[in-house]
Amino acid sequence: MSGLVLKLGPRERVLINGVVMENGDRRARLNVLTPDANVLRLRDAIHPDEAKTPVKRVCYVAQLVLAGEADPEEGARQLLRGIEQLSQVFQDADSRAALDAATEATNTRRFYQAMRALRSLMPREARLLGIRPE
């Protein structure tokens, strides 16, 4: 069986193609078979008030596309512009790999993978900005 496998905890919420779903009282495993489904665990979502740093703002754009709140083409343009700006600061090998992965994912319209790659930069960004981990 192929596709995305979601393992949800009790009462965990997930957004799939703009629809918020909540798991029941027990752990569950869902197989998302639609290849281009937009999926976002709400525990991973960035609240608009939290999108205050450059990396979080770029991640938030990907999140808006996943939630169906932004046009994918315009979102891709904004993501690529944001990734380019981040590449001016994050120049170590690991960061470059994450930015390359985010670029590739954006170019192929895999916005969840782009967001995931960008989120890996958040700890580095926090260190650079002197922000305590949440």
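Student: What makes up the accessible surface of the protein?

Tutor: In this predicted model, the accessible surface comes to about 8,400 Å². Carbon and sulfur atoms account for 49% of that area.

Student: How many of the residues count as buried?

Tutor: Of the 134 residues, 37% count as buried. The cut-off for that word is a relative accessible area under 20%.

Student: Why is Asn17 called partly exposed?

Tutor: The relative accessible area of Asn17 is 47%.

Student: Why is Arg109 called partly exposed?

Tutor: Arg109 has a relative accessibility of 34%. That value falls between the cut-offs of 20% and 50%, so Arg109 counts as partly exposed.

Student: What is the phi of Asn17, and what is that of Arg109?

Tutor: Asn17 has a positive phi of about 50 degrees, and Arg109 has a positive phi of about 60 degrees. Neither residue is a glycine. Most residues other than glycine have a negative phi.

Student: Where do Asn17 and Arg109 lie?

Tutor: Asn17 is in the loop between strand S2 (13–16) and strand S3 (19–22). Arg109 is in the loop between helix H3 (93–107) and helix H4 (111–119).

Student: In what order do the elements run from the N terminus?

Tutor: The order is β-β-β-β-β-α-α-α-α-α.

Note on methods. Residues are numbered from 1 along each chain as its sequence is written. This is a predicted model: local features need pLDDT of at least 70, side-chain atom pairs count only at pLDDT 80 or more; totals for chains, interfaces and linings use all residues. Side-chain values use heavy atoms; hydrogens and water are left out. Helices (H or I, at least four residues) and strands (E, at least two) are DSSP runs, numbered from the N terminus. Buried means under 20% relative accessible area, exposed over 50%, partly exposed in between (1.4 Å probe, protein chains only). Accessible areas come from the Shrake-Rupley method with a 1.4 Å probe; for residues, only the protein chains shown count as cover.
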